[in-house]
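Here is a quick walk through one model, with a few stops at its charged pairs, its sheet and its cores. Have the structure open while you read.

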Amino acid sequence: MTATSIAGAVLVACLAPGSTALAEPTPRPPYPHARQIVGHFSELFPEGVAWDPTRNAFIVGSALHGNLALVHPGGRTEELVPSIGPVSTLGVRVDTDRGRILVAYSDFWTRQEVDTGMPPTSGVAAFDLHSLELIFDADISGGLDRTFGNDLTYDSDGTVYVTDSVSRTLYGISTEGEPEVVADDERFAADMVGLNGIVWHEDNYLLAVRYDNGELFRIDLDEPLESRVTEVDLPEPMLGTDGIRFRSDGSLYVVTNSIGENAGIPSGTDAVTVLRSEDGWESARIERRYEPWPVEGPTNIAITPFGDYVLSGDVGVLMGGGTSDIFVLRRV
């Protein structure tokens, strides 16, 4: 949930037709547009992924070990941040403007298997992008008996927004690590996995999607708390949606899977769908769909300068009680 790293940028000089002078060198990206990157790391089971432009590498979490790992585009994988506890590290973002790595975590799945002897925990940890020192650890469990911090995003001011998949409450976390309620709606509440993927739009609203029924919500942060949430009109529910990301053209990647079947949760199919909206995400249409996705169990997607890569981290194998040391990043 080890290949050798490929060399950096190559400059190619070519002779212009009909000229005896060399043309200006044409830069190539630091890595080729690899269709598929295979990583190996013992029982990592990554579920969330982000691109780190400062390291020219991917950062992934671990549904089993609660750490963060660095994945070089050649596939070589190494631990980046040690385990933060008996939790799953799930949604990951790299905030280069503020020099932070952001990760959502929870012990929800751990508690399904063992008694931790501790109150349920969920939250967001922020690490310095360069030193990797902890900046803050924001608890969103609120003393609840059930909590499941799952995915996150952030806005232009650095406020972080995190979904709790079993709660009716959506939290925002300030740059100082202080949580506050940004939405509270009964349509968010779920027994197992409700709200999951989340993104922020520059017009100051959020899109968040439920895994178990595929409903997509628009949360307008400029509206009063009691009237912020509206459901996006979709041609069909995006059942089994795990991660979502905006593309550069304003359309939305939606990554769905059937992983939840292992836990008796309504699930979708292994696919990547592109949604587009012409009315500010009051409604949306399906622009294209990649189905079936060629690697089982896709969960999230990273936007990079060299292509957009979908993560399949064998999380379904973990939920089924199996083991694995392989995960795959495949370009859309």
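## Buried charges

Let's start with aspartate 220: with a relative accessible area of 15%, this residue is buried. Keep in mind throughout that we are looking at a predicted model. The partner of aspartate 220 is arginine 218, and the two form a salt bridge whose closest N and O atoms are 3.5 Å apart. Arginine 218 is buried as well, its relative accessible area being 17%.

Another charged pair to look at is aspartate 95 with arginine 100, where the side chains meet in a salt bridge of 2.8 Å, N to O. Both aspartate 95 and arginine 100 are buried. As for the whole model, the count of salt bridges comes to 16.

Now for the open sheet made of four strands, in the order 20-21-22-23, with antiparallel pairing. Which strands stand at the edges? Strand 20 (241–246) and strand 23 (285–290) do, and because each has a single partner strand, one side of each is left without a neighbour in the sheet. From one strand to the next, the twist averages 25 degrees.

Zoom in on the pairing of strand 20 with strand 21 (residues 252–256): the two run antiparallel and are joined by five bridges.

Arginine 276 and glutamate 287 form a salt bridge, with 2.5 Å between the closest N and O atoms. Arginine 276 sits in strand 22 (residues 271–276) and glutamate 287 in strand 23, so this pair ties together parts that are 11 residues apart in sequence.

How does burial look for the two partners? Arginine 276 is buried, at 17% relative accessible area, whereas glutamate 287 is partly exposed, at 27%. The pair also belongs to a network: salt bridges with shared partners join Arg247, Asp249, Arg276, Glu287 and Arg288.

The largest nonpolar core has 16 residues, and the members that touch the most others are Ile59, Leu68, Leu80, Val92, Ile101, Val103 and Phe127. At least two residues of this core come from each of strand 5 (57–60), strand 6 (68–71), strand 7 (77–81), strand 8 (88–95), strand 9 (100–106) and strand 10 (122–128). Strand 9 gives the largest share, three residues.

Setting aside neighbours within four places in sequence, phenylalanine 127 is in contact with Leu68, Val81, Ile84, Gly99, Arg100, Ile101, Val103, Leu132, Glu133, Leu134 and Ile135. Apart from this core lies another one, of 15 residues, including Val199, Met238, Phe246 and Val254.

## Threonine 169

One last stop is threonine 169, in strand 14 (residues 169–173). Is threonine 169 buried or exposed? With a relative accessibility of 11%, threonine 169 counts as buried.

The side chain of threonine 169 makes a polar contact of 2.9 Å with the side chain of aspartate 184. Leaving out residues up to four places away in sequence, threonine 169 touches Asp164, Val181, Ala183 and Asp184.

Notes. Residues numbered from 1 in each chain as written. Predicted model: local features only at pLDDT ≥ 70, side-chain atom pairs only at ≥ 80, totals over all residues. Heavy atoms only, no water. Pairing = 2+ DSSP bridges. Axes fitted to C-alpha atoms, helices over the stretch in contact; angles between N-to-C directions. Salt bridge = Lys/Arg side-chain N within 4 Å of Asp/Glu carboxyl O. Buried < 20%, exposed > 50% of the residue type's maximum accessible area, 1.4 Å probe, protein only. Core = buried A, V, L, I, M, F, W, Y, C linked by side-chain atoms within 4.5 Å. Contact = heavy atoms within 4.5 Å. Polar contact = N/O pair within 3.5 Å; in protein donor to acceptor, adjacent residues only side chain to side chain.
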